[in-house]
Amino acid sequence: MDRSFLSDASVVEASRQFVCIRLATYEDAAEAEFMKSVYVGRSGQLENTTFAILTPNGRTKLTAAGRGPFHAFRGSRSMADGMRKIAAKYPQAAKHALTDTELPFMKSLDIALNVAAADGLPMLIVRGDTPAERAGLCQRLVPAAWSEALAGQFVYCFVTRPEELKPVRGVEQGSRIVAVDPGPFGLSGKVLAQFTGDESTAQLKHGLLQAVADMPRSEKGHDNHVQLGIQLGIEWESEIPETDVQSLQAKERVRGRQSR
Amino acid sequence: MRRISPLLALLVVVGWQSAHAQDGTPGTSRASDAPAASAPSRLAPSKIAPPKIAPPKIAWYGTLKSGLAEAKRSQRPILFVSGAPQCLGVPGIW
């Protein structure tokens with residue numbers, strides 16, 4: 001994924017007039033079909049990354065599709081300009097920036113941990129035993145989560161059973177909202193802050209900002225990270241088989257060499 | 001868990017947690033310090049210095065269903081990307 005485009009401040013600003021969807025490739029069969037409808041490479045198979053700008057119903061591409069934004073834009077400034085032009089064609093887009101009514105949950109806690117580690121962001125767990133309890137907690141969190149200061153600062157997931165929290169150390173019994181440091185590989189998390197859900201919106205927002213500030217930040221060297229992961233014998237098994245030919249060949253070369 | 005070598009994984013994570021506990025990285029000591037972890041929620045926000053604001057980031061929907069529902073509701077176009085959060089099978093990296 002080309003993070004130089006997507007972390008650029010002008011692109012981030014333009015993104016507020018869009019609904020931004022980033023799916024974890026190979027983690028859901030139905031989503032994989034959608035990704036293939038957006039882009040497949042020469043192999044005809046789903047590749048590790050896809051990119052496009054789409055109409056609000058998700059059915060029509062408004063830019064060239066490809067493996068990344070570089071297929072459609074020369075650079076991040078050109079991408080931000082292009083996004084603003086596209087947004088201008090949708091009269092509701094500016095009005096609805098950061099008016100979202102739900103939390104952007106990942107499919108599961110283990111995928112959220114992995115994605116949070118990859119992003120270098122904290123994960124936020126909403127723990128509701130019943131759908132009603134979860135809905136109440138979400139309602140409390142939504143104004144803070146979609147404020148300019150906190151939008152995009154957490155990777156979200158929810159759990160309904162205590163045993164789902166196994167990969168996270170330090171969660172108290174009464175906690176309903178838990179901010180977590182996912183660690184380098186996203187294998188297990190460590191509590192940064194936790195809340196009962198009875199706090200005011202202002203208190204929650206302050207506590208969440210503090211958790212973001214407390215999250216340890218370290219530049220993760222791509223090659224070193226991968227090398228260390230292989231040496232430690234860590235291997236992520238995706239929900240559906242990987243089909244990116246280049247990636248599979250590289251994996252076979254490196255992992256094969258490792259096992260010999 | 002969908003990972004191989006859980007023992008090694010556990011070792012690396014325990015090592016990472018010990019390292020943070022020793023170096024006093026801000027916030028990380030809260031894992032074993034429950035009262036401190038929930039302290040922010042007990043303080044009046046007006047009496048606390050505001051935390052530093054992090055650089056702005058794109059706010060991503062992580063599932064297709066939820067993202068499409070929000071796009072339909074708000075009639076905003078969609079910035080769509082996908083990526084595998086692993087490289088050569090190693091998680092925690094795009």
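Reply: The following account concerns the interface between chain B and chain A.

The model is a predicted one. In it, 72 residues of chain B are in contact with 116 residues of chain A. The size of an interface is often given as the accessible area lost when the parts come together. Here, chain B and chain A bury about 8600 Å² between them, and carbon and sulfur atoms account for 63% of that area.

Polar links are also present. Between the two chains, 32 residue pairs are in polar contact, both residues being at pLDDT 80 or more. The count of salt bridges between chain B and chain A is one. That salt bridge joins B:Arg76 to A:Asp100, with 3.2 Å between the closest N and O atoms.

As to the elements involved, those of chain B that give two or more residues to the side touching chain A include the helices α1 (6-23), α2 (34-37) and α3 (64-74), and among the strands are β1 (3-4) and β3 (78-83). The largest share comes from α3(B), which supplies eight residues. By class, the side of chain B that touches chain A has 44 nonpolar residues, 18 polar residues and ten charged residues.

Strand pairing also links the chains. Strand β2 of chain A, residues 50-54, is joined to β3(B) by five bridges, and the two strands run antiparallel. Within β3(B), B:Val81 stands opposite A:Phe51.

Conventions:
Residues are numbered from 1 along each chain as its sequence is written. Chains are lettered from A and ligands numbered from 1 in the order in which they are written. This is a predicted model: local features need pLDDT of at least 70, side-chain atom pairs count only at pLDDT 80 or more; totals for chains, interfaces and linings use all residues. Side-chain values use heavy atoms; hydrogens and water are left out. Contact means heavy atoms within 4.5 Å. Buried area is the accessible area (1.4 Å probe) that two parts lose on being put together, summed over both. A salt bridge is a side-chain nitrogen of Lys or Arg within 4 Å of a carboxyl oxygen of Asp or Glu. A polar contact is a pair of N or O atoms within 3.5 Å; within protein, one must be able to donate a hydrogen and the other to accept it, and residues adjacent in sequence count only if both atoms are side-chain atoms. Helices (H or I, at least four residues) and strands (E, at least two) are DSSP runs, numbered from the N terminus. Ala, Val, Leu, Ile, Met, Phe, Trp, Tyr, Cys and Pro count as nonpolar, Asp, Glu, Lys and Arg as charged, and the others, Gly among them, as polar. Two strands pair if DSSP finds at least two bridges between them.
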